[in-house]
Amino acid sequence: MNPLLLIIVPLAGAALAALWPGNRTRPWFLPVFGFVHAVMTLWLFVNPPVIAPNAWLGFDPLARAVLPAVSLLFLVCAVYGVAYLRIRSERPNRVFVSALLAILGLLSAGHQARHLGLLWITTEAVTLAAVPLLHFNGAPRAFEATWKYLLVGGTGIALSLLGSFCLGYASLYGGGQGDLTFTALTAQGAALSRPWVLTAWVLLLVGYGTKMGLAPMHTWKPDAYGEAPGIMGAILAGGITTVAFTAILRVRSVVAASGVGPIADRTLLVIGLFSMLIAALFLLGTRDYKRMLAYSSVEHMGILCIGAAFGAAGAAAALFHVWSNSLTKGSLFLSAGNIRRAAGSPLMDDVRGMAALTPRSAALFVTGMFAVTACPPFAPFFSELLVVRAGLAAHHRLAIAMFLGFLLLSFFGLTRVVFGIVDGRPRPATRKNAKLFVETAGVVVPPLLLLGFSLWLGLFTPAILRESWLAAVAQLYPTP
Amino acid sequence: MNDTLNLLIGLAMGLNLLALGSSRLPSLIRAMSVQGMLLGLMPLLMEHERLDWRIMLVALATVAGKGVLIPGLLRRAMRAANIDREIEPFIGFVPSLLLGAGGTIAAVALARALPLLPEHADTLLAPGAIASILTGFILLIGRAKAISQVCGYLILENGIYLFGLLLIHSTPLLVESGILLDVTVGVFIIGIIVDRIQRAFDSLDTRKLNTLRE
């Protein structure tokens, strides 16, 4: 099967959804195309195609290790989307459905991009496609969040374009023929001009790091996650940020091939720890449970970078963590979306006693919180454990001590907010508002499924998945 | 050919300073649009030996996009918003100009230290790029109105485009046109959001966008 179908089919779905007349039937496009995409991804995952080394696009080992997680997350979110859009039936959903399907197609392209320029084009396009979803609620606060997302995200993406040009110039200066596929750049290796490679690394790390939401470029994240619908938060945190992470991994492999890998790893470690620190501090202070999820996402992006800094074993753990973070965080965003809808406010000062009003969502939210703070036997525990082991094997004892300390701080921050809204006696206003929200199977089963996947991944990680992570690492961290 | 190219880049750098010194939105937009047109002409000057239709097409698209379409969108947004056209600076005009001028000099000095290929060392492409990126950042940080921030963003993009011209012989045109398309769509979306912000807040002053904070 042609991996291009992973891109074409959702984009065609987006175009169809834009033309489809019925507002009530249109949301079904999401699960239908999500399902087709998931089946195709699974097929490619089991039968990985052979890729020409100079191909611009391809289902290569890295795409194989990450894209199925995105596809799975999208499918479950799509099912949730049908129920969500039924609740929001008063709003036209043409743009919402088309943009969401376009995001799926562009994410598939971004994960499969093996060319520096193409990678930039697809990630920028994903950024833009996400805009209409952020202000779906139409409130002034949502537009404020969208503006900040566009300005911060746009500047970040501009810097990554500059970084891409610098990397291209490094190749040109080193006598390259202008082939900007990652394979060609890596093959050029030490011939790449070192000053340009370092400049490119800094710019690309800042640029794609903005997209990932690494501190201190994370400022758009709490606003966007706080104001966007829960489903969008799940896709942003589990899908769009991962494409930026794989971009950083691909660039890192070029930088390492040019001989400055240790510098790249050190910057990844520092920026990862800094993100975890900032996230932990803000988690201890925030009073908004949707913004809390954004800071938790910043923390987990930091963990991914730290994993990538610990060599091959750490990178495999980071790829595992991509899966566990995407699925667990997706469950949290969807259940938080339910609670937000029922409670009518995102602030813990206004919201109490949700365990009584939305018992199922509250139970999911609490369990998801324990899962994401790495309580066994959920997947994040095992992936973070592997990061720790890789760090100790690489003799980064101080970094690991800080890593564990920040995890503990985040745990305090998260439990403070989560139990604050779940426990206690509901206020009368909340009680009245919650009567309007019914916990149907459509809004409860998807987060439950995601949590189930997280548990399954933790307890019985399939051998084929482990093999796919190791294959991706072999592509990115060649053994000398 | 380098002389004409350098002349155009020099003009573009002058327009940076004009943009920094503009106290009214229309003149800021005009400076940006003229700069966009100059940028569009540059590939034609650089590709003298094999001037094929694709280069012409990219040049035409750049002139149309950066010089006409995007500024047109911004002018429309400005008229629709019916805002007063004074630019309110966080960083005053004189400090901005001084920063910009200092930055331009620093860019020229810095570009000498950069490892550039011999055929690029005698053009102003690298210093022009650095100076425009700096100007873009000053406008992004130092102006209060949403439209002036967008202009800053576009001048930043123009700077990156100038840097991209260093690679014009080696990047495939598909990539260049993809980049151009993305930038245009991006500004189009920004235009829509600017319009919505105007409706929601009855103002384009980004200082009013301060609800979301810890």
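## Around Gly40(B)

Two residues are in contact if their C-beta atoms, placed from the backbone, lie within 7 Å. By that criterion, and leaving aside neighbours within four places in sequence, Gly40(B) is in contact with Ala59(B), Thr62(B), Val63(B), Lys66(B) and Gly67(B). Please keep in mind throughout that this is a predicted model.

Gly40(B) sits in helix 2 (residues 25–46) of chain B. Is Gly40(B) buried or exposed? Gly40(B) counts as buried, because it has 22 C-beta neighbours inside 10 Å and the cut-off for burial is 20 or more. Looking along the chain, Arg30(B) is 10 residues away from Gly40(B), and their C-alpha atoms are separated by 15 Å.

## Where the chains meet

The contact between the chains draws on 37 residues from chain A and 32 residues from chain B. On the chain B side, the elements that give two or more residues are helix 7 (146–164) and helix 8 (173–201). Helix 8 of chain B supplies the largest share, with 13 residues. Sorted by class, this side of chain B has 20 nonpolar, 8 polar and 4 charged residues.

## The nonpolar core

The largest nonpolar core has 246 residues. Which residues have the most contacts inside it? They are Leu101(A), Ile103(A), Leu134(A) and Leu319(A), together with Cys151(B) and Ile160(B). Helix 11 (residues 230–285) of chain A gives this core its largest share, 27 residues.

Arg266(A) is exposed, because 11 other C-beta atoms lie within 10 Å and the limit for an exposed residue is 12 or fewer. The C-alpha atoms of Arg266(A) and Ile306(A) are separated by 9.2 Å, although the two are 40 residues apart along the chain.

## Helices 12 and 13 of chain A

Two packed helices are described by the angle between their axes and the distance between the axes. For helix 12 (residues 289–309) and helix 13 (residues 311–343) of chain A, the axes come within 9 Å and cross at roughly 175 degrees. That crossing angle makes helix 12 of chain A roughly antiparallel to helix 13 of chain A, because angles over 145 degrees count as roughly antiparallel.

The residues in this contact divide into 13 nonpolar, 6 polar and 3 charged. Among those from helix 12 are Leu293(A), His300(A) and Ile303(A), while helix 13 contributes residues including His321(A), Val322(A) and Phe333(A).

## Helix 9 of chain A and what follows

Helix 9 (residues 194–212) of chain A has 19 residues, so at 1.5 Å a residue it should span 27 Å; its end C-alpha atoms are 26 Å apart, which agrees. Gly213(A) follows this helix, with a positive phi near 90 degrees. In the loop between helix 9 and helix 10 (220–227) of chain A lies Pro216(A), and the peptide bond from Ala215(A) to Pro216(A) is cis, with omega near 0 degrees.

## Loops on either side of helix 16

The loop between helix 15 (359–372) and helix 16 (379–393) of chain A contains Pro377(A). The peptide bond from Pro376(A) to Pro377(A) is cis, with omega near 5 degrees. Ala374(A) lies in the loop between helix 15 and helix 16 too; its phi is positive, near 65 degrees, in a residue other than glycine. Ala374(A) is buried, with 23 C-beta neighbours inside 10 Å.

His395(A) is in the loop between helix 16 and helix 17 (397–422) of chain A. Phi of His395(A) is positive as well, near 60 degrees. With 9 C-beta neighbours inside 10 Å, His395(A) counts as exposed.

Definitions and conventions:
Residues are numbered from 1 along each chain as its sequence is written. Chains are lettered from A and ligands numbered from 1 in the order in which they are written. This is a predicted model: local features need pLDDT of at least 70, side-chain atom pairs count only at pLDDT 80 or more; totals for chains, interfaces and linings use all residues. Helices (H or I, at least four residues) and strands (E, at least two) are DSSP runs, numbered from the N terminus. Ala, Val, Leu, Ile, Met, Phe, Trp, Tyr, Cys and Pro count as nonpolar, Asp, Glu, Lys and Arg as charged, and the others, Gly among them, as polar. The expected span of a helix is 1.5 Å times one less than its number of residues. A nonpolar core is a set of buried Ala, Val, Leu, Ile, Met, Phe, Trp, Tyr and Cys residues joined through C-beta atoms within 7 Å. Axes are lines fitted to C-alpha atoms, for helices over the stretch in contact, and angles run from 0 to 180 degrees between N-to-C directions. Angles under 35 degrees count as roughly parallel, over 145 as roughly antiparallel, 65 to 115 as roughly perpendicular and the rest as oblique.
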